[in-house]
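Please keep the sequence and the model at hand while reading.

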Amino acid sequence: MAEWKRIFRNRRLCAGLLVILLLNGFLFLREQKAQDYGIDGTIPAFSFSLNIGEGGYEVAQETVDSMDGYNRYLQWLEDYKDLPLAESLPKLEKEKERLTTILQIYEMLENDSEMFLSDSLEQYRAEQPELVQQIENGELDLYEVHLDYAAVNHLLKQVQYLDGYDDYLNTIRANKDKMLSFSIFNDPDSFSGRNIILTAEEFQALEGISLTLGADGAISAFMDFAITDYLLLAVLMLICISFLDERKKGLWSVVHAAPNGRLRLALQRTGILLGVSAISVLLLCGSNLLLGFSVYGGMDDLGRAVQSVELLGKMPLVCSVGQFLLMYLLFKIGATFLVALLLWLIFTAINNVKYTIMAAASVLVVEYSLYSFLPVQSGLNLLKYFNIFTYISLSDLYTNYLNIDLFGYPVGIRAVSQYACLPLILLLAVVCIIIHCRKRPAAGKDLLGWFVYGINHIVDRFLRRFHLLGMEFHKTLSIQKGVVILLLFLYLLSGLSFTVTIPVTDQTDAAARQYTSELAGAITDDTFRRIDEIQTELDNTLAAYEQALLKYESGEMEYPQYDVYAREAEAARIKSTGLSVVRQRAEELRSLGDEKGFAPWLIEESPYKGTYGNEARVNQQSAALVAMLTVVLLLAGSFAYETQSGMTYLLASTQRGRKTLLRRKVGMAAILTTIVWAVTYGLEFHAFLGVCDTGTFTASVQNLSMLENFPIQCSIAVFLVGLYLFRWLALFTCAMLTMLISSFMKRMETAYIATCGVILLPSVLYLYLDLEPLKYLSLALLVEAMPVLIDLSSKGISIFIVLILLLALAILSGCVLRRKTKAAT
Amino acid sequence: MQLELIDLTKRYGDFVALDHLNITFTAGIYGILGANGAGKSTMMNLLTDNISRSNGKILYDGTDILKLGKDFRKILGYMPQQQGFYEHMTAQTFLYYMADLKGIPKRQAAQEIDDLLDATNLSDVRHKKLGGYSGGMKQRVLLAQALLGDPKVVILDEPTAGLDPKERIRIRNFISAMSRNRIILLATHIVSDIESISDQILMMKKGQMVGMGTPGELIESVADKVKEMSCSPEELDRVQEQYKVGNIFQRHGETWVRIIGDNLSTEGQYVEDHLSLEDVYLYYLGE
């Protein structure tokens with residue numbers, strides 16, 4: 001018990017475990033939302049419309065709220081789950097057809113001006129007058145229809161899978177007969193032959209199995225959520241690292257010399273690893289399961305055959321969902337314990353703590369690389385599957401069926417992993433205990449010592465040339481592992497997108513955009529003359545249609561020929577509407593320009609909106625948060641590291657250890673901020689240049705509808721320069737605040753927690769959980785800048801207030817820091 | 001060269017850590033003796049301007065060190081009691097960094113660092129990270145950094161703590177050799193260090209100076225204050241309660257105690273030879 005108490009009285013460890021548990025729950029829920037709860041909420045668009053616009057515009061597709069869609073699915077499921085599949089399938093297919101028809105009629109009615117659709121609509125009126133009547137009278141709620149469509153579509157896919165499962169089994173059996181009949185496979189002693197036979201034999205156990213309909217979301221989400229596996233690994237790492245405490249604190253010899261410091265301690269630690277494995281699996285996986293049940297509508301029937309869940313359909317094991325979950329959790333505990341023992345083995349086998357962690361990290365990296373990147377067909381695939389990550393990512397064993405070639409014999413990965421688990425546990429436990437007992441604290445020879453000394457020698461030759469600023473960079477990037485943070489930053493950045501394509505809302509919008517692009521430039525009389533010319537062309541097309549209509553009605557023209565005129569006329573009408581939108585915008589800008597004194601320009605705004613507008617808010621938020629996170633993590637240790645190292649008094653006693661050092665630290669913060677800012681927003685600007693015509697940069701910024709109230713008269717180029725400088729200032733203010741908070745912290749860990757808590761957390765809670773009161777504490781809004789600028793412009797508040805506030809905050813932080821460094825206590 | 005402490009006081013709320021201290025230091029080595037909490041470190045922190053004073057002045061050649069600011073810190077070498085370090089730096093990098101903080105040009109710093117690493121016997125491990133150093137080695141690195149830049153005022157808080165006897169002698173001699181034209185303030189619990197190299201010894205108790213003089217003068221001042229007497233084991237507790245007791249030792253099968261104070265027992269005999277600073281320490285600072 002003493003060892004249990006020692007480990008779990010470590011507050012930092014307990015805080016780490018709690019954070020992992022909360023993070024797991026948060027990420028699980030977030031993942032479900034990101035996956036739309038498994039519901040495809042996209043409503044199909046029917047291609048009734050004309051293809052207007054040459055820009056290949058993406059058309060906005062309607063979607064339903066995925067949670068609403070899932071709830072509707074549950075309602076449909078309730079009606080269908082007791083029906084035999086043979087009855088459910090045609091009913092659902094018919095229902096989907098009915099809903100599709102309704103959606104088609106809706107779309108036709110929306111586009112009723114399109115003359116060429118009138119025939120189809122009339123056909124529906126004739127065939128289903130009541131339905132059309134209902135729709136026309138607004139008796140059917142379109143959103144409800146959308147929800148039903150998404151729900152029925154999802155349910156139908158599920159029923160189709162269940163209904164087709166017998167066929168799947170038959171296919172496996174037929175494949176066996178068919179493939180064995182080919183001469184090339186006809187050798188039952190070859191791997192291929194044996195594999196076919198083994199597969200068929202294993203799946204034969206499922207013959208006659210009865211699959212039933214149910215809410216599978218929770219089980220699928222539980223099996224599909226891989227992050228928990230890695231969080232479990234993090235828990236094990238934390239526990240195993242806590243076993244190294246005695247070595248870190250120079251107590252290993254004392255512990256080893258104590259009567260209970262060998263076998264008894266080793267047994268206790270084995271017990272702790274088993275206990276932690278069981279508890280963490282039950283907590284993390286159990287919480288996933290419970291959250292899954294709460295999100296996806298209860299436990300449903302756990303007595304159903306496990307293959308009823310599509311994700312587990314490839315598992316040739318006869319058991320119920322409940323039995324499977326029990327078996328899975330038990331195996332998960334065993335596998336986690338096995339991984340824990342392996343980590344402990346690495347940790348105990350090497351004397352030097354630093355090398356221990358490096359060795360464990362190296363083993364994990366190599367194993368992960370083999371597991372993830374080795375092709376399935378590779379001759380070395382043994383290394384891929386007999387791998388520590390097979391036990392970490394356990395769900396893969398149940399969601400895929402795979403036999404690999406082991407000396408010509410097919411070996412089922414799942415079965416082998418299961419059967420090997422217990423012997424491996426026993427073996428590793430014994431080895432760990434023996435090593436723990438026999439490893440002598442003073443026996444280890446530092447084999448890498450001379451090598452490390454040589455490396456240090458070379459590094460010292462560089463470092464001796466460094467002045468204070470260089471040394472601050474050395475401390476931040478090398479000693480405080482800032483390089484890792486920068487790599488993480490680049491990795492996160494690589495996953496971001498900076499522009500969104502703004503889909504056209506309808507054909508008129510497409511036409512308007514096309515004309516805006518064509519007419520883009522300063523608005524002059526020539527612009528209106530060109531608009532008039534285009535309008536004339538369109539009028540001519542309409543006139544030609546009128547002629548054609550007369551001819552068609554008088555029988556002088558055939559329908560196909562008339563249809564061409566009708567379509568062209570319809571396109572011309574839409575284009576004409578689009579052109580009138582452009583004309584209206586041009587007139588608006590001209591009068592606005594006269595009123596506010598800027599030169600009006602017609603600008604195709606979608607690149608601006610897609611990069612800087614509300615439409616790109618998510619991108620801007622993500623970029624701002626990534627930049628802030630990087631700056632905060634890079635600088636959180638700046639002063640806390642000095643305090644933790646006990647250097648504060650010594651530094652303050654030197655000639656340049658106060659103001660000069662502070663100036664260097666601020667300088668370093670400014671440079672790092674600039675690097676982070678330049679990379680983040682350089683990528684954004686690069687992406688923007690890829691979609692935007694730079695010729696519009698000379699136009700007044702007020703020509704952009706989102707900035708028409710911007711109070712400062714300037715060109716778009718100047719505005720963009722100002723915008724990016726504003727972002728730099730906001731980011732630099734974050735940097736200064738980070739250093740200020742760091743100066744109050746005595747340890748690095750608390751500095752990281754405090755800076756993230758104060759600077760990042762309000763932004764995250766506001767942006768992702770919509771906690772409105774935190775808006776005013778959200779620094780990310782200021783780094784994003786655009787929402788603030790647009791908001792202030794629309795309210796007529798001077799942006800200089802924010803600018804001055806930011807500057808004041810940065811300067812105030814600097815002043816407090818200066819005061820703090822003046823007197824060290 | 002003169003460093004004056006005039007009416008120097010430091011209070012933490014009601015607690016007076018340094019109580020109206022008046023001392024003048026000129027070139028030489030000053031050993032500062034005092035129990036924990038006597039105010040030694042407070043005095044040193046005030047001298048390095050690491051804490052603010054409640055009252056009084058510290059003048060260097062007639063000018064307040066706060067006014068001198070950077071100029072005073074330029075001639076200051078400080079070795080703190082706590083072994084604060086950048087554990088991930090090697091000794092060489094750490095010393096170069098400290099040299100930079102002291103504004104020493106690179107070329108000069110290189111020469112000084114080589115000399116100091118030799119003097120402190122660290123040349124062979126100069127590229128080893130400080131985190132891997134033993135306590136004694138760390139102590140030597142701290143001492144080396146304090147002596148960078150040829151400081152005129154050197155403040156050494158427990159410089160020989162954690163060193164083996166050979167190293168202690170080496171460091172002691174090194175400090176002694178460089179004491180010309182410098183003010184060296186050396187606080188320690190190891191009385192023998194002070195005894196052998198200090199020009200003046202300052203005795204501190206509860207924030208006040210209770211005695212000051214050369215080692216010889218201080219030893220002389222306790223000439224008739226130390227006695228050795230035999231006592232039975234049963235009486236030992238009573239003697240310890242009654243007097244300040246130095247060594248307890250066995251002689252000819254009897255237990256002897258060395259007692260120090262003003263009103264000593266009529267028993268026993270005065271110690272006239274072999275008086276030491278330990279006796280001085282106990283006389284002035286013992287409870």
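Helices, taken as DSSP runs of H or I with at least four residues, and strands, taken as runs of E with at least two, are numbered from the N terminus. On that basis, in this predicted model, A:D36 is found in the loop of chain A between α2 (11-34) and α3 (66-80). In chain B, the loop between β7 (153-157) and α7 (165-177) holds B:E158.

| Residue | Phi |
|---|---|
| A:D36 | positive, about 55° |
| B:E158 | positive, near 55° |

A:D36 has its positive phi although it is not a glycine, and B:E158 is likewise a residue other than glycine. As for their surroundings, A:D36 counts as partly exposed because it has 18 C-beta neighbours inside 10 Å, a class that lies between the limits of 12 or fewer for exposed and 20 or more for buried. B:E158 has 21 other C-beta atoms within 10 Å and is therefore buried.

The second topic is the contact between the chains, to which chain A gives 26 residues and chain B gives 30 residues. On the side of chain B that touches chain A, at least two residues each are supplied by α3 (70-74), β6 (76-79) and α4 (91-101) of chain B. The largest share of that side, 7 residues, is contributed by α4(B). By residue class, the side of chain B that touches chain A consists of 12 polar, 10 nonpolar and 8 charged residues.

Terms used: Residues are numbered from 1 along each chain as its sequence is written. Chains are lettered from A and ligands numbered from 1 in the order in which they are written. This is a predicted model: local features need pLDDT of at least 70, side-chain atom pairs count only at pLDDT 80 or more; totals for chains, interfaces and linings use all residues. Two residues are in contact if their C-beta atoms, placed from the backbone, lie within 7 Å. Ala, Val, Leu, Ile, Met, Phe, Trp, Tyr, Cys and Pro count as nonpolar, Asp, Glu, Lys and Arg as charged, and the others, Gly among them, as polar.
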